[in-house]
Amino acid sequence: MGRQLQSPPEAAHEISVRQAIAPKRTLEILERAIYRGPHYFSHTPMIRIQADLGDLEHWPTCRLPGFVDGLLAGLPGLAEHGCGNRDNGGFRRRLEDGTWLGHVVEHVALELQVQVGHAVVRGKTRGVRGREGVYNILFAYEDEVVGLQAGLVALQYVESLLPPHLRGFTGLKRLGAQPLPTPFDFTAAQSELARLAERRRLGPTTRSIVEAARRRGIPVERLDEHSLLRLGWGARQKLVRASITGATGHIAVETASDKALTKTLLLDAGLPAPRGEVVRSADDAVAAARRLGLPVVTKPLDGNHGRGVSVGLATEEAVRWGFEQARAHGRRVVVEQMMRGRDFRCLVIGGRLVAVAERVPAQVTGDGASTIEALLADLNADPRRGEGHEKVMTKVRVDDQMHELLARQGLTLTSVPRAGQVVVLRATANLSTGGSAIDCTDQIHADVAAAVEQAAQVVGLDVAGIDLVASDITRALDDASGIVEVNAAPGFRMHLEPSEGRPRDVAGPLVDSLIPRRSGGRIPIYAITGTNGKSTTGRMVAAILQASGARVGLTNTSGVYVEGRRIYAGDASGPRSARRVLAHPLVDAAVLEVARGGILREGLGFDWADAGAVLNVTEDHIGLKGVDSLQDLANVKAVVIESVARLGCSVLNADDPMTLRMARHARGRLGWFSLRGGPDLPLFLARHIAEGGMAAVYDPDARQLVLHEGGAAIPLAQADDLPSALGGDAAFNVANALAAALMTRSQGVPLAAIVAGLRSFRSSHEDNPGRLNIHDDHGFRVVIDYAHNPAALAALGQLVQAWRPRYGRVIGMVSIPGDRRDEDIRRMGELAGGLFDDIVFRETPDGRGRAPGEINGLMTEGAIDAGVSPHRIRRIVDEFEATRACLEMARAGDLVVLLPTSVEDVWTTLTAFRPRGAGPDAREEAAQPHA
């Protein structure tokens with residue numbers, strides 16, 4: 001929080017008097033954001049709550065009697081928080097010295113998440129520059145729903161500890177969390193938060209897969225409220241639900257669920273397995289038991305988790321009872337031989353045995369004084385036991401099967417077993433029925449391991465839980481031993497955290513079977529930001545990658561593209577669109593335009609990029625969303641190159657002073673591009689090249705693009721060879737081409753593909769809509785370019801000035817979004833005045849809150865201040881009316897420059913336009929110098 005307080009010179013009640021005189025300003029939540037990737041404040045995913053403390057800005061914790069003691073009494077864990085770089089207890093000292101309530105909310109939100117089992121530690125609270133009492137409160141989260149709820153509970157808990165006259169927080173609905181009952185009950189709120197966390201918590205198997213993937217650097221995304229995961233990106237992604245993978249065949253799962261068919265396949269393969277029969281009635285079950293020989297086992301044909309399984313049925317009456325237990329879970333019942341021995345679960349992944357655990361049925365040991373019911377209560381009180389699959393072991397439920405098994409032992413729940421007497425409570429040893437597990441992976445005999453591996457192959461499962469009954473797995477199987485079940489979707493928890501023995505990382509082999517470690521499940525990411533040129537550079541990178549044979553996913557302000565086909569239309573320069581590309585199963589490489597707005601709103605849509613570029617930073621969007629200066633804007637753009645992989649490449653513009661300053665923050669190796677090649681090459685860039693660094697420069701004298709790599713200078717192309725460069729006149733596209741070449745070469749793209757991609761890329765409406773599109777069919781030349789800020793118009797102006805001798809009048813349609821500063825709007829008019837003979841200023845659809853005519857008025861002021869005669873200016877609000885006006889003004893040999901917002905619609909208006917008096921040779925005439 002920055003400031004430190006000493007003991008106040010005035011008493012707290014004196015401040016209270018002053019507060020009572022002025023109108024009360026309570027704490028208000030202004031906005032919130034959920035950052036899912038690297039962002040302006042940190043690389044850690046965080047929740048941001050922006051709060052105006054109001055009058056509470058004058059009430060740091062040291063001035064609130066009893067606040068610190070009350071806070072720590074409710075959350076004693078806060079006393080151990082370090083706070084910044086200080087050791088444990090640092091936060092408590094800050095509380096006692098005096099800190100502001102935003103900082104307190106940050107730590108409370110973290111502690112509440114820690115209490116429900118989430119390992120979060122990072123947070124920060126920062127004042128918003130120029131806005132006294134307004135703070136950004138940021139804290140890490142594991143689950144964003146739980147994190148938001150923790151933020152709400154933190155706010156209301158802090159409020160509850162304040163004196164009554166300081167309470168009344170407002171704007172809490174803006175958090176989007178579940179409202180809390182009134183009056184506020186902190187204990188109840190904690191309990192509900194714990195229940196929410198439990199409902200959203202992944203099960204042990206899924207959680208272990210997530211952790212194993214993250215240890216390997218593999219991106220992981222949870223796709224639903226249950227356990228469906230996506231590991232990896234693009235064409236390298238794999239889907240997993242618990243231990244069912246995308247490689248698990250449907251036929252294999254169906255086969256494993258048919259226990260009779262499984263046994264037949266195992267026996268046909270020469271594997272030891274019990275004989276059995278499928279029956280539909282109790283009489284048939286008894287008859288089958290006679291043929292097989294008592295005792296027998298009954299189970300549902302397609303059951304799982306030990307449900308409805310009865311073992312050791314030695315009488316016809318017991319067989320009938322067992323049949324009814326099984327039929328409650330399926331219409332068809334299996335009666336099979338009972339194998340004698342201990343119960344083992346063998347886990348096979350990718351054809352290899354990775355873990356073995358002995359499963360011990362739920363049981364209690366008598367003490368000579370307690371009833372079985374009391375002993376069972378003690379057993380279930382073990383903190384390792386929970387409901388269902390939430391913990392290492394499951395609580396043991398009382399049901400008919402328990403009563404029947406106790407009766408077979410001559411006992412009831414009220415019986416008091418003698419000291420040391422073992423009472424078995426379950427016939428099966430499944431963890432889901434309360435059993436426990438003892439790891440014995442290192443004890444299994446090689447022949448037994450080979451048998452269970454073969455069993456998984458026979459059924460066809462890539463991940464299989466093989467249930468084996470054997471008296472001793474350290475020796476080859478005898479006639480009384482065998483494989484009793486082959487299970488799809490086996491649970492991992494008995495191997496991850498056995499009751500006894502060594503834990504096994506069984507999730508690691510599963511992840512490795514799906515995604516080779518060398519790939520990490522990742523596809524190359526090319527992230528591009530800057531004020532101008534992002535879309536064009538992105539399309540150039542995509543063209544190069546396509547020339548190399550890659551299937552490319554591309555995002556920009558026009559939409560989302562996969563293999564050149566637009567799958568989403570609209571502004572797609574934010575993180576959601578990036579994630580859409582990364583989720584597409586056909587994409588081999590992602591080229592992502594990264595705009596300022598998305599970074600501020602949600603952060604990046606990825607964790608790190610292989611190549612990141614900042615093309616330039618000029619004044620645009622200043623005064624919006626906390627970006628109040630050019631340096632602020634540069635700091636936002638720098639998030640991209642701060643999120644480059646350690647072995648990646650940060651590409652920066654050597655001709656831009658703002659990007660030059662970013663070099664010290666850039667990750668990976670540095671690559672520079674510059675239009676100042678030849679004798680004007682900057683000294684620092686010459687040293688960088690001499691030291692073997694990567695660079696791409698344009699030599700204007702030779703009109704050549706040159707790539708420098710490892711001390712070698714490699715000619716790429718002449719400017720005349722690049723259609724987008726317009727013979728070198730479009731200098732900004734030469735710069736874009738340099739950046740694109742550098743980004744792709746840094747990732748090993750062959751030089752031939754780079755040259756082919758740049759030579760194939762055209763500044764046409766089809767290749768690059770709205771970016772230097774040229775239309776010559778009306779007898780005059782029309783240029784459409786999305787130059788929406790002064791820097792972009794100035795760059796386009798260089799091309800216009802180079803072309804001016806070729807044409808008659810130069811007519812321009814100019815606008816700028818209404819959320820820009822007045823000075824930027826005036827500057828747009830000033831620049832237009834120096835470029836065009838006749839100007840049409842227009843507005844819609846980008847008024848963005850300004851009154852109709854206001855933008856045109858400001859641009860007109862700028863143009864007139866620059867010396868433009870008013871009779872050269874027309875002001876039209878509607879974009880399409882303004883477009884038609886420019887086209888109707890043009891005559892053969894003129895140049896018309898249109899700066900559109902609705903690019904597709906303006907292009908349609910242009911192509912549909914029919915000029916008056918244009919002759920059959922109009923197209924040829926437009927390209928000739930004007931007489």
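## Local features of the predicted model

In this predicted model, Ala666 lies in the loop that links helix 21 (657–662) with strand 29 (669–674). Ala666 counts as buried because its relative accessibility is 18%, under the 20% cut-off. Leaving aside residues up to four places away in sequence, Ala666 touches Ile641 and Ser650. Ala752 is 86 residues from Ala666 along the chain, and the C-alpha atoms of the two are separated by 28 Å.

Two packed helices are described by the angle between their axes and the distance between the axes. Helix 28 (residues 879–889) packs with helix 29 (residues 903–912) at an angle of about 35°, and the axes are 10 Å apart. Their crossing is right-handed. On the side of helix 28, the contact involves Glu879, Phe880, Thr883, Arg884 and Leu887, which meet Asp905, Val906, Thr909 and Leu910 of helix 29. Sorted by class, this contact has 4 nonpolar, 2 polar and 3 charged residues.

Turning to the cysteines, the structure holds 0 disulfides. Cys83 is in no disulfide, and the nearest cysteine sulfur to its own belongs to Cys62. For Cys346, the closest cysteine sulfur is in Cys440, and the separation of 7.7 Å is too far for a bond, because a disulfide requires sulfur atoms within 2.5 Å. Both cysteines are tabulated below.

How values were computed:
Residues are numbered from 1 along each chain as its sequence is written. This is a predicted model: local features need pLDDT of at least 70, side-chain atom pairs count only at pLDDT 80 or more; totals for chains, interfaces and linings use all residues. Side-chain values use heavy atoms; hydrogens and water are left out. Helices (H or I, at least four residues) and strands (E, at least two) are DSSP runs, numbered from the N terminus. Buried means under 20% relative accessible area, exposed over 50%, partly exposed in between (1.4 Å probe, protein chains only). Contact means heavy atoms within 4.5 Å. Axes are lines fitted to C-alpha atoms, for helices over the stretch in contact, and angles run from 0 to 180 degrees between N-to-C directions. A crossing is left-handed if the near helix is turned anticlockwise from the far one by less than a right angle, and right-handed if clockwise. Ala, Val, Leu, Ile, Met, Phe, Trp, Tyr, Cys and Pro count as nonpolar, Asp, Glu, Lys and Arg as charged, and the others, Gly among them, as polar.
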